[in-house]
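Trainee: Please take me through a close look at one part of this structure, with the cut-offs behind each term.

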Amino acid sequence: MTPEGQPDAMEGRVLERSGRLRLTTTREALSTLLSEATRGQWTYLEFVDQLTRREAEAKQDKRVRMGMTIAHFPTVRTLEGFDFAAQPSVDERLVRELAPGNFVAHGTNGLLFGAPGLGKTHLAIGLGRRLVELGHSVVFTTATGLLTVLSRAESEGRLEEKLINYVKPRRLIVDELGYLPFERRAAHLFFQLVNRRYERGSMMITTNQRVNDWGTMFGDEVLATAILDRLLHHSETLMIKGESYRLREKRKSGLFRSLDEAAARASGHGQSEESRPAVGRSKTVDK
Ligand code: ADP
Ligand code: MG
């Protein structure tokens, strides 16, 4: 017997200290692990190894869960779930290079260009989730959501307070830039944000607007150049081309063949490819 008393009392003290030290898993698993250790005749080191491993894994799980909540990803999309074979214009090697934390550590930005349905949001979320798993802070927002929050904050005199929420995270994902044109004030707010993050934190931007059209998108060529200048300085760019993944999947399932045929019947003519209304081929269908 140790001078410190009975095993039960000792276990009680360990539980109490574990609670104070926020070693939640140690608290929960101690008694089971003690029995397992006795049965398996573990060495002291094996016991400590098991106990600390469980505590560390539980803490990591909790960190990742909290990180995902803070990130506000709109859907669950993963890099593993991205079909690179279906999208040959996406450089798989580059995407894999963008995944590890060293990319964000240097504040490098990522820009994903392409028409709707090509997997931009999917890749932005997949890369964002990977960063959260690696312990980095990530926040996802749409451009519209971002500017709504910032414009309101500015009119309430709380811009600084709100801006900081978008400046602090290691990676800020701004999805769907350019789907709606910018008001003059909103364009300035966006510039302020980009400027504050410049060389500090990484931004990942998805957009359907080519760089040449950013002047029109922001309603100001000089401002657009200033924004692009900062975004592109340390950046990786992915241009995604091809056909909408959603349309491809539907076409494969045969839905579009029947829609094509129905359209041809409705038009009363158009047996040939050219004269048939291009229901399944039109880009505007994906709206
Ligand atoms: P975008 O943001 O470019 O408009 P999304 O990322 O929203 O496109 O993609 C549209 C849908 O198609 C999503 O459900 C996405 O998960 C899926 N998708 C797109 N490309 C791929 C791909 N290469 N592999 C798997 N799913 C894809
Ligand atoms: Mg998208």
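**A helix contact and the pockets**

Mentor: In H3, the residues Gln60, Val64, Gly67, Met68 and Ala71 meet Arg129, Val132 and Glu133 of H6 (contact means heavy atoms within 4.5 Å; helices are DSSP runs of H or I with at least four residues, numbered from the N terminus). By class, this contact of H3 with H6 holds four nonpolar, two polar and two charged residues (Gly counts as polar; Asp, Glu, Lys and Arg as charged). This is a predicted model, in which local features need pLDDT of at least 70 and side-chain atom pairs pLDDT 80 or more, while totals for chains, interfaces and linings use all residues. Residues are numbered from 1 along each chain, and side-chain values use heavy atoms, without hydrogens and water.

H3 spans residues 44-71 and H6 residues 120-133; they pack at about 140 degrees with axes 9 Å apart (axes are fitted to C-alpha atoms over the stretch in contact, and angles between N-to-C directions run from 0 to 180 degrees).

H6 also gives the largest share, four residues, of the lining of the largest pocket (a pocket is an open set of points on a 1 Å grid where a 1.4 Å probe fits, with protein on both sides within 12 Å along at least five of seven lines; lining residues have an atom within 4 Å of a point). H12 (245-252), like H6, supplies at least two lining residues. This pocket holds about 540 Å³ of space. Of its 22 lining residues, Gly117, Leu118, Gly119, Thr121 and Arg246 are the closest to its centre. The lining has six nonpolar, eight polar and eight charged residues.

Notes:
Chains are lettered from A and ligands numbered from 1 in the order in which they are written. Grid points are joined across faces, edges and corners, and a volume is the space filled by probe spheres set on the points.
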